[in-house]
Amino acid sequence: MNQPNDGGRVQRDVVTTTTRRGARDHNRALAGKLLPVLGLGAAALAIVAPLATAPGIERELTRKVEAAATAEGFSVKADFSGQDGTLVCTGPVDEAVLEELAEDVKGVRKVDIDDATCAAATAPAPASVPATTTAAVIEPATTTAAPTGPAVTEVVAAAAASQLKASAVLARGANGVALSGVVDTDDQQASLVKAAADAFGAANVTDKLTVAGVDGAGSDPQVEGLATLIVGMKDNVVEGEAGFNGTALYINGIYPDASAQDALDAAIGAAGVEVSNVDLALDTATTPAPAVTFAAESALDADGKITLSGLVPNEAARTKLIDAAAIRVGAAKVVDKLTVADPAAADAPEVDGLATMIVAMPPNLYTGVAGWDGTKFSATGQYLSDASKAAFEAVATEVGVATTDLAIEPREAASVDQAAELEKELNDLVALSPIPFDPGKSSLLPEADAILDQVASLAKKYAGVGIAVNGHTDADGSEGGNQTLSDARANQVRDSLIERGVPAEQLTAQGFGESQPIAPNDTPENKAKNRRVVFTVVKQ
């Protein structure tokens, strides 16, 4: 296939027949090479209803042909039935040029020119454009001697800002579908999710798309094309993948029969996929592949949140994975995006292995992903210390992760500037939300948990830094008593951060008693300012 196999691609013994389809030969040359079952790192989603006569394709062809005519300076209305269209002229045209540009639009099979409206029309000059477009083009030219450079540069930068790289995978035998990759805007995400949900039902769609938050930079047509391919794959692909790889739309897969092939041809044409990016083959396998009921992953992010996604065999398996995540990060930080394959399905023994890795992740990893792709376990991430690396790798090896599928790396080492910025972030946080203690004691109040969670998340960000926890008191009581209290409070915070996964070797604690006030000890408000914990961060 045109997209390179990732480590999770499954090979099966399948007899395939490659066919050619005239001018739109899509080089279906899969020759027995099938797509992955449900690759966890691969971009994923499944697919939608036959498109040969879908109203969506007719609307898309109408839009594209009218847009092509407008770009040439012609004013026409298009009406499509399937891939055949009729063009009605509402302004001057050149019939020969109009027919040629319309039939050059991908997906168009034939167009008829309405002689009653077009025969007597006089075409505009070849270089002419609509008046509004002419004004937009001429205006920058009148300011060429002025600083037009920044405006041009800004347009180029916006076009380069697109981060679109998304795909949809249909796995053989799987009931659920998943989307993954990066889109530019929220609207693009909604468009792809809706296409999948309309076909498969919202409950069977796993949305793993990430929104880059840029302006789209002209990527909307590619997203529309991908949505068209997703719809076209439903019932027309046994297993396959469609996507945009950052450069072009593509589709790979295996189709069941000639009718499905025709429907795929229509979708491919409407989406505008280049011939070189199509790799489809007829499936003549006599024995269907076994249904996949378990292919899921757990992703730990830098904020200590765990997201569970993929396919599980039954509700018991879903509960087991959710409970394993909640043990470490609390139920509030567990995001459940799992799909149940069949409530009555038998248990999968691999569920226990994934649950074991989930429990081992937060104490030992800063970020990471652990999963089962239907054939094997894998794990990646950033470890917090040499000891935590060894601990997690021991668990992963015991579960059955092969060395080639285990990639645990150190965190980023902080620069001097990054260490200074981390110190500021920590102190800004506790200045806004001071760490609360019992009055006159070193014991923490319950509301300190949420603040310490945030402190720990920041403190784990970099390797190669030392973080000093400094305790301070007001001047009430004896000097010696205040020194003892500040020592105890600083150590209590240090211990709490270690419990939350911050490596002990990065943390020190020291009390300064009442010796470093930041306000006079004359009012309750000023005394409260002096009772504080602050942090010093240095590059090691």
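Biologist: What should I know before starting?

Modeller: Residues are numbered from 1 along each chain as its sequence is written. In this predicted model, local features need pLDDT of at least 70 and side-chain atom pairs count only at pLDDT 80 or more, while totals for chains, interfaces and linings use all residues; side-chain values use heavy atoms, without hydrogens and water.

Biologist: How many aromatic pairs are there, and how do I read one?

Modeller: A pair of aromatic rings is described by the distance of the centres and the angle of the planes. Rings of Phe, Tyr and Trp (its six-membered ring) pair if their centres lie within 6.5 Å; planes under 30 degrees apart are stacked, over 60 edge-to-face, and the rest tilted. A search of the whole structure gives one pair. That's Trp-372 with Phe-377, tilted, at 4.8 Å centre to centre and 55° between the planes.

Biologist: Are Trp-372 and Phe-377 buried or exposed?

Modeller: Both are buried. Buried means under 20% relative accessible area, exposed over 50%, and partly exposed in between (1.4 Å probe, protein chains only).

Biologist: And how many salt bridges does the rule count?

Modeller: A salt bridge is a side-chain nitrogen of Lys or Arg within 4 Å of a carboxyl oxygen of Asp or Glu. The count comes to 21. Take Asp-352 and Lys-320, whose closest N and O atoms are 2.6 Å apart. Asp-352 sits in helix H10 (residues 350-364) and Lys-320 in helix H9, so this pair ties together parts 32 residues apart in sequence. Helices here are DSSP runs (H or I, at least four residues), numbered from the N terminus.

Methods
Helix = DSSP H or I, 4+ residues; strand = E, 2+ residues; numbered from the N terminus.
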